[in-house]
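My entries follow in the order in which I took them.

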Amino acid sequence: MNRKMLQFTHIEQRMPDKRTAAARRGDFGEVTLALDGERAVEQSSRCEQCGIPFCQIHCPVANNIPDWLMLAAEGRMEEAYALSSATNSLPEICGRICPQDRLCEGNCVLEQSGHGAVTIGAVEKHITEHAFAQGWVKPPRPRRELPQSVGIVGGGPAGLAAADLLRRAGFQVTLYDRHDRIGGLMVYGIPSFKLDKAVVERRVALLAEGGVAMRPGTEIGRDLSFAELRASHDAVLIATGVYKPRELMVPGAGLPGVIPALDYLITSNRICLGDSVPAFADGSLDAKGKQVVVIGGGDTAMDCVRTAIRQGARSVKCLYRRDRANMPGSQREVAHAEEEGVEFVWMAAPEAVFGERKVTGLRALRMHLGIADASGRQVPVPIDGSSFTLPADLVITALGFDAEDVPALFGEPGLVVARSGTVKIDPQSWMTSLEGVFAAGDIVRGASLVVWAIRDGRDAAGAITKYIGARAAAAAE
Ligand SMILES: Cc1cc2nc3c(=O)[nH]c(=O)nc-3n(C[C@H](O)[C@H](O)[C@H](O)COP(=O)(O)OP(=O)(O)OC[C@H]3O[C@@H](n4cnc5c(N)ncnc54)[C@H](O)[C@@H]3O)c2cc1C
Ligand code: SF4
């Protein structure tokens, strides 16, 4: 096949029509790019095997992408799986929900030369799904059991990746989570049209089969004190994520009908999982038939607008204070949202929310991009006299997340945190200010990505293994 045809194949596989039709019928089924065996081989064989693997350099877990693409191109799927899973505890999840356009695929030389990247994420998903179907994916089984135990607080990707590697090393691992299901934001944040929850459940079940003790519904600091937790384990890993929503600070922000993004997404995910949620049943967290305005320009905002479309909203608008090129979210997600019928109102910021007993609209101001601040980003500046209004009966705020007050929640004032509330660690040892207590994922780096949480979980697991090993050696002397 010549390069032109391959480019066409690549674009065709993005399947916008299929995705849009599914969204408009209210279908929450996963619509990530799926390749059959033939297409996976075809995509893999497009890799140029270029001298400098830019894709690998820009993959946070440093996946050996060129080599597993070569193996997949040759049909050596078991070896391709062994290689791809060697650096990633959750490859089937990254293949689906990494923002590949900002990471591996965005740096593929074919993309840079205008021929369309190799669909690396979709190949990774295919390799891992094939491996599951063939029975090649095994629970973590250590060569020898060790007596030491590790308690992990938080069952998101950081906690799961650490649990996988610590269990493989032979430790007795217990994973605690305050939610009733393990998976963190992969279950309750990311919508099912991007990540089928059964995919997360399958991975959690595999870890449990390998001996990781799961304790859902256990909040550290409430159901079990942090001091008790520390006393029960040789090491503790804090992987609790960041959950404090940044608030909308304009008049009327407290009106009924103005809701934080995560409340909305958790509810939608619970409904998809078959739970009953009173706030959905009474309509307050359901977008059906409503004029929805989502405020924010990140991936959480994109998840909200696309969820609202699927719930049957009358109209869905996304208000963002910068322009498209300066959005923090993935451009691919924006394109998907547009295809599905979302209207973007760029360069506009909320000024006030209005309504009598509940929200009926939003007043916003047009912005222009002024001079850059210390971070290098141009600062949005309001344009005088540019006010306009938008009708709205549901306003969803997706302005980002900060860390909760972990020392207060854990009753442990000795746990040192940064000004932003994230937990401070020593970058070499991954240890916090408390002996034997480590931290990883969003609670350390701030709101980030699943693949970075996996990387952190992996590195923290390595540091914990070293720490326990050194203590055991010292005790034996
Ligand atoms: C709406 C949304 C969409 C996103 N979409 C994407 C995406 O498409 N791709 C991507 O790569 N990233 C995405 N992200 C970011 C990604 O989900 C996070 O970066 C990642 O989940 C962080 O992993 P973590 O393990 O650090 O924390 P989390 O996934 O947040 O998991 C932390 C866990 O700790 C538990 N916990 C907290 N406190 C306690 C306590 N005291 N006791 C017990 N348990 C506790 C929580 O219940 C939670 O299960 C998205 C985020 C959001 C909010
Ligand atoms: S883990 Fe993410 S960034 Fe790395 S190869 Fe897979 S999809 Fe790309």
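I began with the hairpin that β11 forms with β12, where 5 residues lie between the strands and Gly 376 in the turn has a positive phi of about 95°. I note that this is a predicted model, in which local features need pLDDT of at least 70, side-chain atom pairs count only at pLDDT 80 or more, and totals for chains, interfaces and linings use all residues. Residues are numbered from 1 along each chain as its sequence is written, chains are lettered from A and ligands numbered from 1 in the order in which they are written, and side-chain values use heavy atoms, with hydrogens and water left out.

I took helices (H or I, at least four residues) and strands (E, at least two) as DSSP runs numbered from the N terminus, and I counted two strands as paired if DSSP finds at least two bridges between them. β11 is joined to β12 (residues 378–382) by 4 bridges in the antiparallel sense, and Met 367 has Pro 382 as its bridge partner in β12.

Next I followed β11 (residues 361–372) to β10 (residues 348–354), with which it pairs antiparallel over 6 bridges. Their hairpin has 6 residues between the strands, and Gly 355 takes a positive phi near 155° there. Arg 363 of β11 is the bridge partner of Ala 352, and Arg 363 also stands opposite Thr 389 in β13. β13 (residues 388–391) pairs with β11 over 4 bridges, again in the antiparallel sense.

I then asked which residues of helix α6 (residues 77–86) are buried. With buried meaning under 20% relative accessible area (1.4 Å probe, protein chains only), they are Met 77, Ala 80, Tyr 81 and Ser 84. Seen down the axis of α6, these residues fall within an arc of 100° and so line one face of the helix, the arc being that of the directions from the helix axis to the C-beta atoms. Among the elements covering them are α3 (37–44), α9 (120–134) and α12 (197–209), where contact means heavy atoms within 4.5 Å.

For the ligands I counted a residue as near if one of its heavy atoms lies within 4 Å. Ligand 1 has 34 residues around it, with Ile 97, Asp 177, Lys 194, Tyr 243 and Asp 442 coming nearest. A polar backbone atom of Ile 97 is 2.8 Å from a nitrogen atom of ligand 1, and a polar backbone atom of Ile 220 is 2.9 Å from a nitrogen atom of ligand 1.

Ligand 2 is surrounded by 13 residues, and Cys 59, Cys 98, Gln 100, Cys 104 and Glu 124 are the closest.

Key. Buried means under 20% relative accessible area, exposed over 50%, partly exposed in between (1.4 Å probe, protein chains only). A polar contact is a pair of N or O atoms within 3.5 Å; within protein, one must be able to donate a hydrogen and the other to accept it, and residues adjacent in sequence count only if both atoms are side-chain atoms.
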